[in-house]
Amino acid sequence: MIVLNLTCNGGHCFEGWFASTAAFDEQIGQGRVNCPRCNSLQIERLPSGPHVVRGTPAITEVQPSINFEQMIALLERVAEQSEDVGDRFADEARRMHFEEAPARRIKGVATLTDTIELIEDGVAIIPLPLPDKKH
Ligand SMILES: [Zn+2]
């Protein structure tokens with residue numbers, strides 16, 4: 001058996017198993033090879049080999065990229081849904097970490113030193129470069 005990389009006129013790529021390339025040619029000639037996805041009979045053999053790229057890329061789902069403005073908007077939405085604890089942020093985050101306060105989503109301001117200490121203590125915080133709109 002040989003495995004051939006095939007493509008249809010719709011750009012679908014798939015593998016076909018044949019007894020030999022002669023058997024493939026014969027089956028193609030008889031219209032017995034069809035695309036498993038769209039049943040097209042317009043099948044072409046792709047050159048095999050890991051470095052040959054041809055035709056439509058197999059990847060159709062591309063992760064949408066997010067730009068800086070969208071990221072800021074997203075962070076602002078998250079921030080809007082958080083309880084504002086202001087400059088008590090470091091204390092409150094630490095209390096939540098040690099389960100002395102109920103776990104919830106909070107936001108606030110912290111000094112750089114506080115922020116670094118929180119991170120070093122393993123408190124789950126995310127420093128955000130958001131402007132404080134009140135000041
Ligand atoms: Zn197809």
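## Working through a predicted model

Helix H3 (residues 89-97) has four names on its buried list: Phe89, Ala90, Glu92 and Ala93. A residue counts as buried if 20 or more other C-beta atoms lie within 10 Å of its own, as exposed if 12 or fewer do, and as partly exposed in between, with C-beta atoms placed from the backbone.

Residues are numbered from 1 along each chain as its sequence is written. Helices (H or I, at least four residues) and strands (E, at least two) are DSSP runs, numbered from the N terminus.

### Exercise 1
Find what the buried residues of H3 pack against, then look at what follows the helix.

Step 1. Look for contacts, meaning C-beta atoms, placed from the backbone, that lie within 7 Å. The buried residues of H3 pack against strand E5 (106-107) and helix H4 (112-120).

Step 2. Now go past the end of the helix. H3 is followed by Glu99, with a positive phi near 60°. Most residues other than glycine have a negative phi. Glu99 lies in the loop between H3 and E5. Glu99 is exposed, because 8 other C-beta atoms lie within 10 Å.

### Exercise 2
Work out the strand order of the open three-stranded sheet, and say why E2 and E3 each have a side without a neighbour.

Step 1. Check the pairs, where two strands pair if DSSP finds at least two bridges between them. E1 and E2 are antiparallel, with six bridges. One facing couple here is Val3 and Trp17, the latter in E2.

Step 2. Strand E1 (residues 2-8) also runs antiparallel to E3, and three bridges join them. Here Thr7 has Glu44 of E3 as its bridge partner.

Step 3. Helix H1 (residues 21-29) lies across E1, E2 and E3, at about 115° to E2. That angle is between N-to-C directions, on a scale from 0 to 180 degrees, and the axes are lines fitted to C-alpha atoms, for helices over the stretch in contact.

### Exercise 3

Step 1. A nonpolar core is a set of buried Ala, Val, Leu, Ile, Met, Phe, Trp, Tyr and Cys residues joined through C-beta atoms within 7 Å. The largest one has five residues: Leu6, Cys8, Val33, Cys35 and Ile43.

Step 2. Skip neighbours within four places in sequence, and Ile43 is in contact with Leu6, Cys8, Ile28, Val33 and Cys35.

### Exercise 4
Is Asn39 buried or exposed?

Step 1. Find the spot: Asn39 is in the loop between H1 and E3.

Step 2. Count: 9 other C-beta atoms lie within 10 Å, so Asn39 is exposed.

Technical notes. Predicted model: local features only at pLDDT ≥ 70, side-chain atom pairs only at ≥ 80, totals over all residues. Contact = placed C-beta atoms within 7 Å.
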